[in-house]
Amino acid sequence: MKLIIAEKPDQGSTLASIFKHKKQSGFIEIFPNETFTNGAYVTWAIGHLCQLVNPETYEAGWKKWSLDNLPMIPTQFQYEVTKDKVKQFSVIQKLVNNPAVTEIIHAGDAGREGELIIRNILRITGCKKPMKRLWISSLTPNSIREGFNKLLDEDYTRNLYFEAYTRACADWVVGMNASRLYSLLLQKQGFSDVFSVGRVQTPTLALIVKRELEIENFKSEPFWEVIAQFNIDGKKYSGKWQNDGETRVKTKEMAEKVAAFCREKPAEVSDVQSERKEFFPPLLYNLSALQAEANKRYKFSPKKTLDVLQKLYQKGNVSYPRSDSRYVTKEEANTFPEILTKLSHINGYDKFFPLPIESLVDNKRYVNEKKVTDHYAIIPTEQIPNVDKLDPDEKKLYDLIVKSLIAAHYQKAIAEYTTVTTLVDGRAVFQSKGKVQIEEGWRKVINQKEKEDEPALPQLAKGEQGRTTKVEVKESQTQPPKRYTEGQLITLMKTAGKHIDDKELEKILSKTEGLGTEATRAGIITMLKDRKYIDVIKNLVYATSKARILIEAIGQEILASPEMTAKWEQKLKEISEGSASPKNFMEQTNKMVYHLISSGVGHSANWVFSEDVRENFTPSKKMTKGKGSTKLGNCKKCNGSIVDKGSFYGCSNYQKNQCNFTISKKILGKNITQKNIKLLLSEGKTELIEGFSNKDKTFNAKLFLDEQEKRVKFLFDEQSSKIVTK
């Protein structure tokens, strides 16, 4: 009799669903059938059923947080059953030891973590029975049945387990030692909190803090542009004045002079340049690409995308969600006609059929076995759902996946980009850009709103003449770098922090090296939120003062290096390929931890933190003693005391008289320091605060208290009293 161990309860139920079965407590009994002639049991983990033990399990003295106890490096790592999952572990242990069970089928997720979860359970139970591996990329009945009929030998995925086990041990060594090191050192600096440090989370955080500082240190400067309207023989269009390719003018006076010169002057088309550009359909999705797209279109967090995708996978509607590949094998490409035929009968997708291209089998843009690692791209399976019965979030993700497959069967899109140069009065040069869609191609399927798209220009020819009908001067401000969205952060993690601009982020999703893996990146971002290192406001990522303190303390240490972390990830992958040694990896990790401790202790004597960073620091609730006791000023409603309440400043009399006077700690992206709150409450206004951000515009202003409305407002110009309500 076989014992099948799945990773999660839902997956266990799905695996058993294609056979005649009976549900029991914590497992399912499958009756004898063609696949399992003696029947089988199906049971499951509940995710990570086992965990690495705490430091004090190795040495009692390690329970105390002390620099003298560092580094903590176990000679042999130990796992234990997670306390709240003991009951399910007991079910598995009983089944493993059942004399009727002669073979184990490892049915964890077909990936690194799935390999670790099930093998660790078997290791703790002391199982010596032979094992086979179920390795499937979708949970459709056909895929399940085929997978059970083509089980892999245990040694086929053993190296993947070594990789996962090594990663877990290395992360324990780095996390336990570095977290205690920096928590203890920063507590000496007056920051009473636990500072979690990790091999992947810390370099990711370093990237976020780097962008935060770039925005904070950015000095906005005004510039002017001269915009002219032309009428060339009844054909109207506009253009920007340029000088040596630069359209921005540094002074208003210069811009006004150019405008005055050009008004009502004759205009001539001096040059027309047209260029055709071809755009191939996007690649199929891997997890990172889908997370980035869902965040861009629907503001889904990466974790939400993964959770929703997991539901679609467990229903059998899409293939394995944690794939890092954007390609498929010929075998998968041969299944597309059947899938697409079913999709062609669904309302909303029927309008895209018949397809211009019948098969992708010979199309190397999508079909490339060398670029398929453990799993192929995320695609719809032959098990097409009733789309109308999917919940709204499932429907959105399913639609993206379906359309990516349909679009791949369309021709390239072709557009013509035109640049027109207009000469005013023989001297002033204006440039106009436009775009005309020649062939819609795959854009019929995937509607992409492109900011760079230019309006269509009339048909113009060199030498045509007319007049300048209107000229205006437009004033603007240079803008700081934009904050990352959660979707861009996923993409940034994938590229290991290499220097790229925001447009380039969209182009490099097919690379495999980076911070973390497809399966872990969403979890890292969630962890940064939970540990109060980042705030996500309207899909934009902000670094907290706690994050800035940690990254400033770590400085140039290897632990904050995205490039080095990416190299570690590559070394881990080499372990799964059998070309690198887990022992050597751990030896290198241990050496790095020794260096980190000596270097951190040495550098801590030179740490200097700004007053603003100190004032904005808010300890986590567990570490706070007497929080809120420091009076910042008098309440403007009841004359009570305004104190720091964590995420906002508020009245200490709330419990006493329900006074609800509050002031936000963050207004339009700017942290409001305790120093400015004191000024606001005592003098009625703050210092000038630079860098408020609203709808891609930044501005500088003071804050003041409206005594009548008991509200905080912006003060832009004290002399003219120009006030805009927040």
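Residues are numbered from 1 along each chain as its sequence is written, and side-chain values use heavy atoms, with hydrogens and water left out. Because the model is predicted, local features need pLDDT of at least 70 and side-chain atom pairs count only at pLDDT 80 or more, while totals for chains, interfaces and linings use all residues.

Helices (H or I, at least four residues) and strands (E, at least two) are DSSP runs, numbered from the N terminus, and two strands pair if DSSP finds at least two bridges between them. Seven strands make up an open sheet with mixed pairing, in the order E2-E3-E4-E1-E7-E8-E9. At its edges are strand E2 (21-23) and strand E9 (152-153), each pairing on one side only. Strand E7 (residues 103-107) and strand E8 (residues 131-133) are parallel partners over three bridges, and here Ile-105 stands opposite Lys-132 in E8.

A second open sheet holds four strands in the order E18-E19-E20-E21, with antiparallel pairing. Strand E18 (633-634) and strand E21 (662-664) are the edge strands; each has a single partner strand, so one side of each is left without a neighbour in the sheet. Three bridges join strand E20 (residues 648-651) to E21 in the antiparallel sense, and Phe-648 has Ser-664 in E21 as its bridge partner.

Turning to the helices, helix H7 (residues 201-217) packs against helix H16 (residues 521-530) at an angle of about 70°, with the axes 10 Å apart. Axes are lines fitted to C-alpha atoms, for helices over the stretch in contact, and angles run from 0 to 180 degrees between N-to-C directions. H7 and H16 are therefore roughly perpendicular to each other (65 to 115 degrees). In contact terms (heavy atoms within 4.5 Å), Gln-201, Thr-204, Leu-205 and Ile-208 of H7 meet Ile-524, Met-527 and Leu-528 of H16.

Finally, what about the aromatic rings? Rings of Phe, Tyr and Trp (its six-membered ring) pair if their centres lie within 6.5 Å; planes under 30 degrees apart count as stacked, over 60 as edge-to-face and the rest as tilted. This rule gives 23 aromatic pairs. One of them is the tilted pair of Tyr-298 and Phe-300, at 5.7 Å centre to centre and 45° between the planes. Tyr-298 counts as partly exposed because its relative accessibility is 27%, whereas Phe-300, at 3%, counts as buried; buried means under 20% relative accessible area, exposed over 50%, and partly exposed in between (1.4 Å probe, protein chains only). Elsewhere, ring pairs link Tyr-58, Trp-62, Phe-77 and Trp-172 into a cluster.

Notes:
Angles under 35 degrees count as roughly parallel, over 145 as roughly antiparallel, 65 to 115 as roughly perpendicular and the rest as oblique.
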